[in-house]
Amino acid sequence: MEAEGRVPEPSLSQPVPAGGGGAEADRSLGVPRGVREPLVAAAEVLALDDEEDDLEVFSKDTSLAEVNSFSPSIPISLSSMTNQYKCEDEPELRDLFITVDDPESHITAIETFITYRVLTKTSRGEFDSSEYEVRRRYQDFLWLKSKLEEVHPTLIIPPLPEKFIMKGMVERFSEEFIETRRKALHKFLNRIAEHPTLTFNEDFKIFLTVQAWELSSHKKQGPGLLSRMGQTVRAVASTVRGGVKNRPEIFTEMNNYMETFSQKISVLDKIAHRIYKEEREYFNEMKEYGPIHTLWSASEEDIADSLKGVASCIDKCCKATEKRMAGLSENLLPVLHEYILYGEILMGVLKRRDQIQSELDSRIDGLANKKTENYLLIIQFSEEIGKLEDKVECANNILKADWDRWKQNMQRDMRSTFTNVAESNLHYYEECLATWESFLASQRVDLHVEKDSEDLSNICA
């Protein structure tokens, strides 16, 4: 049954009793909140639980590809929306596997760029084949991200690595840079594949399946310049008008959380890079320190074995340090940097939600200030406001559900990352300790053997 009414509060913080509203609910000729009596009608609208701050989850039957908060084709009914989206973590069998590998350099008369092979294996029925192999350049990944943001403005789209320079790297086409970017692009696509809504996006499917020339043709079918300028003008106008009047408290809390989160994760990232830099300097010193003992042993026959033993221990510790550095650069640093980018993305998502809210507030104020007795004009304005109310409600529900999912993933990633770092450190120190303890034990044996030899010599004398 399709519910056509709207709840009176845009925050959706009040649970809606089941069984109310439905097709019988009347819009009171579409007159907006504050001008008419509140309607108690949206029986199937998602609600935020007062005690647990936990959103009721969506059904998983279909995706939200058609639910675009900026699209005029958004359904007025909210009950259809509630059955399209689900952000609940439950065990599922994966049916989409993506690998990004085999970077290739391309040199033309006007530019030099890198392409990556994207391999896809799937058992989904909407795909014509079970395996695909295409090549994509960085600009193609940027296009996919922009399309996802356009279709799902209040979903949290995974971040892409920066276009030119990544932290700690200066050469754009160095092997290290290309490999770091490849890993980030691989994670980007797999984050999308694991998302309960983004994974069914049509542009994502096109990105994975069509050849390069087909993708270029498809990219030209995007929104025109005037359309993009219109969205930019609306965003600027929303900023000029100031803060949102009726922003639900939950989104203010999200904004405050992300400001604190971004600050903390940035500090962690800086410290981690400083530790990595100091570790590399220590590693370089160790590489010079060991051979000195070996050279020294050639001129000190009496302690040559001890000097060679020290050199061997330093060499083993040097290799352990190199392994530890690799763990930091491959496991810790990329995760911290990814969540720095997530901070920027989430602030952008919250701003887009506020733009929708601001547009609704502006229309309501415009109707309240409009001095007219033209009943048809009032109805026209009220219907426009009714559609905007539904857009706000959709945006709120989508963002709240995706926020919960993102926080769960973030906490899992952080817990796993820091646990791995702790285990790596423990293994590193145990390995170095065992190396030096073995050396000391051998030296004690040698001392005892030498002392016994001296005692025997004295007795014989």
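Leaving aside neighbours within four places in sequence, F283 is in contact with C318, T321, E322 and M325, where contact means heavy atoms within 4.5 Å. This residue is found in helix 7; helices here are DSSP runs of H or I with at least four residues, strands are DSSP runs of E with at least two, and both are numbered from the N terminus. With a relative accessible area of 7%, F283 is buried, a word that stands for under 20% relative accessible area, while exposed means over 50% and partly exposed lies in between (1.4 Å probe, protein chains only). Although F283 and E322 are 39 residues apart along the chain, their C-alpha atoms are separated by 7.0 Å.

All of this is read from a predicted model, in which local features need pLDDT of at least 70 and side-chain atom pairs count only at pLDDT 80 or more, whereas totals for chains, interfaces and linings use all residues. Residues are numbered from 1 along each chain as its sequence is written, and side-chain values use heavy atoms, with hydrogens and water left out.

In soluble globular proteins, nonpolar side chains tend to be buried together.

Helix 9 (residues 375-460) is also the place of T417. This threonine counts as buried because its relative accessibility is 9%, and, with residues up to four places away in sequence not counted, T417 touches N331, L332 and V335.

The three of them form an open sheet with the order 1-2-3 and antiparallel pairing, where two strands pair if DSSP finds at least two bridges between them. Strand 1 (96-107) and strand 3 (131-137) are the edge strands, each pairing on one side only, and from one strand to the next the twist averages 20 degrees. Strand 1 is joined by ten bridges to strand 2 (residues 112-122), and the two run antiparallel; the bridge partner of D101 in strand 2 is R117. Strands of a sheet pair through backbone hydrogen bonds, either parallel or antiparallel. T112 has its place in strand 2 and is partly exposed, with a relative accessible area of 31%. From T112 to F173 the distance is 9.3 Å, C-alpha to C-alpha, although the two are 61 residues apart in sequence.

Helix 3 (residues 175-194) lies across strand 1 and strand 2, running at about 145 degrees to strand 1, while helix 4 (residues 202-209) lies across strand 1, strand 2 and strand 3, running at about 90 degrees to strand 3. For such angles, axes are lines fitted to C-alpha atoms, for helices over the stretch in contact, and the values run from 0 to 180 degrees between N-to-C directions.

Seen as a whole, the protein chain has nine helices and three strands, which follow the pattern α-β-β-β-α-α-α-α-α-α-α-α along the sequence. Buried residues make up 43% of its 461 residues. Among contacts between residues at least 6 apart in sequence, 74% join residues at least 24 apart.

Confidence is the last topic. The chain averages a pLDDT of 77, and 68% of the residues score at least 70, pLDDT being the predictor's confidence in each residue, from 0 to 100. Over residues 224-230 the pLDDT is below 50, and this stretch has one contact in the model beyond near neighbours in sequence. Where pLDDT is low, the predicted coordinates should not be read in detail.
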